[in-house]
Amino acid sequence: TMSAGLLTTPGGSLDGNADGTGGDDATFDLHRLYGDATGDRQVDAADFLAFRLAYLGVNLATYDYDGDGVVNSNDFLQFRTRFLTVFV
């Protein structure tokens, strides 16, 4: 939660609920599911296609699970364990 009392925007007070009137706190639902490049809360065929295109590429942070700068078999093992997973 972002407190409207602690944050201002160029237009004035934070309008956290987007009703046109400032002064409202904003609440965000953040999630991170490794392998979900599309951000739809599931690791599915669309994500697999993106992984396949990234495989053996370098500096592709979305799929570089271990942070070694290359998308390789170690990263694929992590992707595979999450394939068809849904974040709820």
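I looked up the largest nonpolar core first. Eight residues make up this core: Leu33, Tyr34, Val43, Phe51, Ala54, Tyr63, Val71 and Phe79. Such a core is a set of buried Ala, Val, Leu, Ile, Met, Phe, Trp, Tyr and Cys residues joined through side-chain atoms within 4.5 Å. I use buried for under 20% relative accessible area, exposed for over 50% and partly exposed for in between (1.4 Å probe, protein chains only).

The model is predicted: local features need pLDDT of at least 70, side-chain atom pairs count only at pLDDT 80 or more, and totals for chains, interfaces and linings use all residues. Residues are numbered from 1 along each chain as its sequence is written, and side-chain values use heavy atoms, with hydrogens and water left out.

Next I listed the contacts of Tyr34 (heavy atoms within 4.5 Å). Leaving out residues up to four places away in sequence, Tyr34 touches Val43, Phe51, Thr62, Tyr63, Asp64, Tyr65, Asp75, Gln78, Phe79 and Arg82.

Asp64 was on that list, and I followed it up. Asp64 sits in the loop between helix 1 and helix 2. I take helices (H or I, at least four residues) and strands (E, at least two) as DSSP runs, numbered from the N terminus. Asp64 counts as buried because its relative accessibility is 12%. Beyond four places in sequence, Asp64 touches Tyr34, Gly69, Val70, Val71 and Asp75.

I then checked the ends of helix 2 (residues 73–82). Asn72 caps its N-terminal end, with a side-chain oxygen 3.1 Å from the backbone nitrogen of Asn74. Just after helix 2, Leu84 has a positive phi of about 70 degrees.

I looked for other positive phi values. Most residues other than glycine have a negative phi. Leu56, not a glycine, has a positive phi of about 70 degrees. Leu56 lies in the loop between helix 1 and helix 2 and is exposed at 59% relative accessible area. Ala18 also is not a glycine and has a positive phi of about 55 degrees. Ala18 belongs to the loop between strand 2 and helix 1 and is exposed at 67%.

The C-alpha atoms of Leu14 and Phe83 are 38 Å apart.

Last, I noted Phe28. Phe28 lies in the loop between strand 2 (12–13) and helix 1 (45–54) and counts as exposed because its relative accessibility is 51%.

Note on methods: Polar contact = N/O pair within 3.5 Å; in protein donor to acceptor, adjacent residues only side chain to side chain.
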